Amino acid sequence: MSGGGLRDQVVVIGGGAKNLGGLLSRTLAAEGAKIVVHYHGDASADDADKTVRAAQEAGGQAVAVQGDLTKVADVRRLFDAAVDTYGGVDVAVNTTGMVLRKPILETTEEEFDRMFAINAKAGYFFIQEAGHRLNDGGKIISLGTSLLAAFTDGYSTYAGGKAPLEHFTRAAAKEFADRGISVNVVAPGPMDTPFFYPQETPERVEFHKSQALGGQLTQIEDIVPIIRHLATEGWWFTGQTLFPNGGYTTR
Ligand SMILES: NC(=O)c1ccc[n+]([C@@H]2O[C@H](COP(=O)([O-])OP(=O)(O)OC[C@H]3O[C@@H](n4cnc5c(N)ncnc54)[C@H](OP(=O)(O)O)[C@@H]3O)[C@@H](O)[C@H]2O)c1
């Protein structure tokens, strides 16, 4: 049984400074978790500072660590920070990702490499390093996309770049099972954050809304409790992809 609460659990959150990751950092900290808030760009440093402060004010502990997770050395440094600061790691959530909406015929080699570096390679080595460092009974959660259950144009390198996470997750779930570590993918529907809008037209936004319960986009407030559940009482899920999306897609 590995489904205890979050008090004093050490949680590494890739992309933990803002949007979905930021709310997750603050929510888990408020339950007494110790959070390692990863951020990437210099432009996210201010969000990381604010999230660390909010987490501390909510009663938890938190530190911020910058890194480019497409570099394996930076993934290791992130987990080093968790072990050095808090003595171990219990939960690792990777919310990092990058989106591109472009026809295959127009996609460049550089775009392909960049998309697969952050969505697939970083996802792989995040799971690998979590596997090295997690305490027994730990949890690993990666963020996919509901496009994994869709049949659509334009998202070949985004949905395609996220798709390997499912197989990395299934293999890791089997390979880490004897240590009681569960490994899952959470694949939300189109989510109301700044990540979503730049590649969509207003008409397409309305279409995406029309496909889910209540005619609305997925909200980060709807996703955080699902990640929280997987990190606690939901430990019996492993090797799975969950599609919290208000019925937007399924398979
Ligand atoms: N919003 C949606 O419609 C939607 C729907 C389904 C799934 N998702 C997935 O949900 C997750 C969270 O998305 P969000 O909406 O909360 O947007 P977000 O905050 O922009 O999340 C993406 C994160 O990835 C980080 N990142 C990008 N390149 C990186 C790199 N090389 N190394 C390390 N980190 C890097 C970004 O940091 P910087 O900004 O500092 O570069 C950012 O923190 C993503 O994995 C996304 O694919 C989003």
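Predicted model: local features only at pLDDT ≥ 70, side-chain atom pairs only at ≥ 80, totals over all residues.
L20 is buried, with a relative accessible area of 5%; buried means under 20% relative accessible area, exposed means over 50%, and partly exposed lies in between, with a 1.4 Å probe and protein chains only. The residue sits in helix α1, which covers residues 19–30. Helices here are DSSP runs of H or I with at least four residues, strands are runs of E with at least two, and both are numbered from the N terminus. Leaving aside residues up to four places away in sequence, L20 touches L143, M191, I220, I223, V224 and I227, where contact means heavy atoms within 4.5 Å.

Residues are numbered from 1 along each chain as its sequence is written, and side-chain values use heavy atoms, with hydrogens and water left out.

Another partner of L20 can be followed from its own side. I220 belongs to helix α8, residues 220–230, and is buried at a relative accessible area of 15%. Its contacts, again without residues up to four places away in sequence, are N19, L20, L23, M191 and T193. Between I220 and L23 there are 197 residues in sequence, but 7.5 Å in space from C-alpha to C-alpha.

N19, also touched by I220, is found in helix α1. N19 is partly exposed, with a relative accessible area of 31%. The phi angle of N19 is near 50°, a positive value in a residue other than glycine. D8 likewise is not a glycine and has a positive phi, of about 65°. D8 lies in the segment before β1 (10–14) and is partly exposed, at a relative accessible area of 45%.

The loop between β1 and α1 holds A17. A17 is buried, with a relative accessible area of 5%. Not counting residues up to four places away in sequence, A17 touches G22, V37, H38, Y39, S44, D47, A48 and T51.

The next topic is the aromatic rings. A pair of aromatic rings is described by the distance of the centres and the angle of the planes. Rings of Phe, Tyr and Trp (its six-membered ring) pair if their centres lie within 6.5 Å; planes under 30 degrees apart count as stacked, over 60 as edge-to-face, and the rest as tilted. A search of the whole structure finds eight aromatic pairs. F112 and F116 form a stacked pair, 4.3 Å centre to centre with 15° between the planes. These two residues are four apart in helix α4 (residues 109–133), so about one helical turn separates F112 and F116. F112 is partly exposed, with a relative accessible area of 40%, and F116 is partly exposed at 23%.

Y124 and F125 form an edge-to-face pair, with 5.1 Å between the centres and 70° between the planes. Y124 counts as partly exposed at 39% relative accessibility, and F125 is partly exposed with a relative accessible area of 23%. Ring pairs link Y124, F125 and F168 into a cluster.

The chain as a whole can now be described. The protein chain has eight helices and seven strands. Its radius of gyration is 17 Å, close to the 18 Å that the globule rule gives for 251 residues, so the chain is as compact as a globular protein of that length. The radius is taken over C-alpha atoms, and the rule is 2.2 Å times the number of residues to the power 0.38. Along the principal axes, the C-alpha atoms fill a box of roughly 50 × 35 × 35 Å.

Of the 251 residues in the protein chain, 52% are buried. Among contacts with a separation of 6 or more, 76% are accounted for by residues 24 or more positions apart.
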